[in-house]
Amino acid sequence: MIVSIDWLRDYIDIDIPLEELADKLTISGAECTLKYSGVRIPEGVRVGKVLETRPHSDAEKLTVCKVDAGTGEILNIVCGAPNVKEGRRVPVALVGTKLAPDFELKEVRLRGELSQGMICAEDELGLGNDHSGIMLLPDDYEIGRAFADYYPVYPVLDVEVTANRPDLMSHWGVARMISVITGKPFKKIPLVLEEKGKDIHGITRVSIEDPLACPRYSARIVTNVRVQPSPAWLQRRLEAVGLRPVNNVVDAANYVLMETGHPLHTFDLNRLAGPEIRVRFARKGEKFETLDHKERILSENVLLICDAKTPVALAGLMGGLESEVDENTRNILIESAYFTPSVIRKASKEQQLSTDASKRFERGADPNERLEYARDRLAALIAELAGGEIARGLIDFYPEPIPAKRATLELENVRRITGIELSAANCRATLQALGFEILNANDKRLEVRIPTFRPDVEREIDLVEEVAVNHMDKIPSMQRMSISVPASFDAFHPFLTGIRQFFTGYGMHETVNNSLIGESAAAAGIWGYPPLKILNPLSQEMNVLRTDMIQPLLGSLRINALRKRGDIRLYELANVIEKDPSAETGAREHHNLGVLCSSSLWGLNWNEPEKSADYFYLKGILEHFMEDRGFVYKLRENTQNAAFEILCDILVRKELIGRIGQYRDEIFEKLQLQHPVVIMELQVEKLFEWYKPQKQYTPPPAYPSIFRDMSLVMDKKTPANVLINEILQQGGKYLIDCLLYDLYIDDKKLGEDKKALSFRLEFRSDKKTLKDSQIDDVMSKLFKRLENQYGARLR
Amino acid sequence: MNKATVTEIRKQFEKALEEVRDTAALEALKHGYLGRKGIIAGLFARIREVPPESRKETGELLNSLKTDLSAAIDARSMQFAVPRKQKEITDFSMPGYAMHHGSRHPLTQAVDDMLNIFQHLGFDIAYGPEVEIDWYNFESLNFPPDHPARDMQDTFYTEGGGVLRTHTSPVQTRYMSTHKPPVRIVAPGRVFRNEAISARSYCLFHQIEGLYIDEGITFADLKGTIELFCRLYYGKDVRIKFRGSYFPFTEPSAEIDVSCFLCGGKGCPVCKQSGWLEIMGCGMVDPNVLKAVNYDSERYSGYAFGLGIERMLMMRLGINDIRILFENDVEFLKQF
Ligand SMILES: [Zn+2]
């Protein structure tokens, strides 16, 4: 909303610097910036007169002009425009004028002819886009005068009006706020209304079908008007606040809207069948063409203004083409009505039509004072601008007047909420300046009548706010604070922070992915959760909530792969969402960790050949992660998902809490990845429930370990973990670890169905140094068992 | 041959072992001591020289020497498990081995930094779901049905009658519904807005909500807390400005500006020459919100605030396209 300072001065004296005014309004809740409306013509552009012209001897399209620009000498200027004419007044940029920040006009010779300035076209001065010729000015423009004088700029305030303040969408509203700030009185333009001629009731009639939707409908008629362009002062004011002048009637209605904030409508009376006004809801599917040349299909939610036959306007939104006021209009019906905010809001949403009128009606217009003033003011203004006579009397349908509310402000509550002590006089002055009427007052409380143009104010707390925002900078900042001791201390966030540090430490990048994904991506989710649909999605690629962490991470993988990023190691902690109709919200949320890598195992090094970080890389990290947090877990191969080379369920306490796997390479063929894609997802919220941070320490070993290596040849089909478990179980009481450190396959040497695995066994006692002989025994027994059980032989 | 000889040999071995730098040298050492013709074998051969009554003792001594040496060699060989390059490296100007470097996302880092400060100020952390019901997201927060204030927040609706929370404020009423006053919490999380994705806006962003309800809490407490937070987060010289605003769930409401941390308030493109940056909304909790959770609004009062992480972070990092925060280009991520 733009308000003009010049216009505001009609209602209030402004005697503080405008920057300060803007700052103070901002502090008081009307966030605004001071701007200048209009074009700033560069200094050095003057009105000049072309005294004579002659063609350039050496250039067909150029003209050499003698120009008087009031500088005391006659200037010689070369001009390229076809429309330059002797005797005409033109804008002339003198030598030294800065036409652009980096362009200063100089005296030059153009093909031998001296040019001491420039005759300007519209676009060169920022006044328009026309470059077809120079500007030709009216003859009453004064030669030598700064051209800028004919293009005044107006200081304006660009105000951001919050959703609760319809009253602020007007010069009146802002003027009242200024009144609180400066203490100057707010004053309205006195109404002078001269009724003449016929009585309005003899001309037209108004009927309202639904007074709940239209509690008040008030009308006046002005006859015998002459519709023509508005006078310059009115055009300027409208332009300054960003409105395009149309004609004196439409402009007058807009003027009163911007003045009072009350939306009005004008109809060409002769084009109203009857002529009469009927207000009713649309029938389903009814069609209507609005002023913006759109044919609209309506529902029963749209309130219509109709004449005796057809609709003529969407109530509170926009008029129709048929009854529009134009240059042939002679008689005018002025509508000043109050529509129920929710009715206008519904229609505006349904028709996707937001207008100056609808913005005010849906927030709540004033059914009383402003409605009446605006109606009469518009009638008077039309009579003044377009001639014509105001018909006697008015039509005013208002079966149940909306009363002003009352509220009482206890001064103690101002202190209790804001922390400042304000005197009764101070509160009283503030509220009065804002238009509240003081009904009763003493030094403890104020009883006020709330003006109906403030629908946002109802309760005592609202009055506290009115007082508080106007003393915002006086509220002290408490320097000694007492705090309530929290009832609990969250441990989940630190748990998550630990996880973040863990994976970052392993060289992974934390990501933040979109929670919204496409239905087909969600269907690929590794948990198989039914996805929760968005009813009003931004696009089909974002029409459900993610059902796992992996699909969005695959999106990030794709972006990185397309940009040829080599090593990609990503993780994220966030919610995945499972549709659950039995839940209050319709959804069950799981806070999960997702990990996705397609990376080398370590960076390119001079000491090692490059290797891929494959499934076993992530499995190793999982092992560390679980051990670190004291969880015992099992992996169980999951063969349900064909996209995976290997996929395992991660089980803790026999419950599924995660999955880990490696995708089949062919799935990513198009991305030309260097490394396999491995993933892991963990339900960290569940892990947190079981997590016990206090671990007791184990004393470091007091006696040395004995290591024994063992290379065994066995069937390729024998799973390594079966063998490891067997070794750990059968290795005797001193065996504390079994590390698989080599896998060897050589079909010629070992046989096609054989593999060799090497284990390093660590033996230790916490009571003594072990002797080789003790271990030799264990080893030979162990080996026999493996030989019998698994057909293993020593390599 | 006596105990001293064995001790001497042990010492020599340990010294030699220390000097071993590669597998080949270790093999040689092993061969020298434990080989068929090695020192230990030699000692066993000389056991005949020992008087018979102490042969058993000497035998045990030699056995334990053998066990210890072979254990020491085994242990040492572990350190050479990865074979060294053939060439001995003498050029120590060679670069260090390349390690993978990880990084934290700037958004979660900023959230952690802020939560950390609020925890020091005695706030507990609370959580709420991302899929909300209308009552928590709007109605309990004093957004009447069909009110224009709802237009301030373009909402995603989900099947089953839910909404994606448009702010972290529903955590306020969720928490108060299950906790008696006093409450003092901060709630971090994702929030969603149904806005076309562009350089300036994304369909989700992060907020931190704060709430303090107790007896005798005033706007002055709010000012004090926020000022302290800003000094701890933005630096002690930061200036703070409160200006009136409107949120349905607070009354009075205010927006908070801090002096621009890039130009110090002189004016620059980031603060659009104003010298100020808008960082959060706040206010005194509206009595209607307290009533919705059955708190006695005559007895209790308190404040709430909410700050958006993305906007603040974009200003601080000089990001002019919000989408880069959600693309996860590793070349972006690794900078943090
Ligand atoms: Zn700045």
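A: Two strands count as paired if DSSP finds at least two bridges between them. Strands (E, at least two residues) and helices (H or I, at least four residues) are DSSP runs, numbered from the N terminus. This is a predicted model, in which local features need pLDDT of at least 70, side-chain atom pairs count only at pLDDT 80 or more, and totals for chains, interfaces and linings use all residues. Residues are numbered from 1 along each chain as its sequence is written, chains are lettered from A and ligands numbered from 1 in the order in which they are written, and side-chain values use heavy atoms, with hydrogens and water left out.

The sheet in question is open and has 4 strands in chain A, in the order E39-E40-E38-E41, with antiparallel pairing. Strand E39 (735–744) and strand E41 (793–794) of chain A are at its edges; each has a single partner strand, so one side of each has no neighbour in the sheet. In general, strands of a sheet pair through backbone hydrogen bonds, in either a parallel or an antiparallel way.

E41(A) is joined to strand E38 (residues 706–715) of chain A by 2 bridges, and the two run antiparallel. Opposite A:Arg793 in E41(A) stands A:Val713. Helix H17 (residues 720–730) of chain A packs on the sheet and touches E38, E39 and strand E40 (754–763) of chain A; contact here means heavy atoms within 4.5 Å. The direction of H17(A) makes about 150° with that of E39(A), where axes are lines fitted to C-alpha atoms, for helices over the stretch in contact, and angles run from 0 to 180 degrees between N-to-C directions.

Another open sheet of chain A has 5 strands in the order E5-E4-E3-E6-E11, with antiparallel pairing. Its edges are strand E5 (74–79) and strand E11 (118–119) of chain A.
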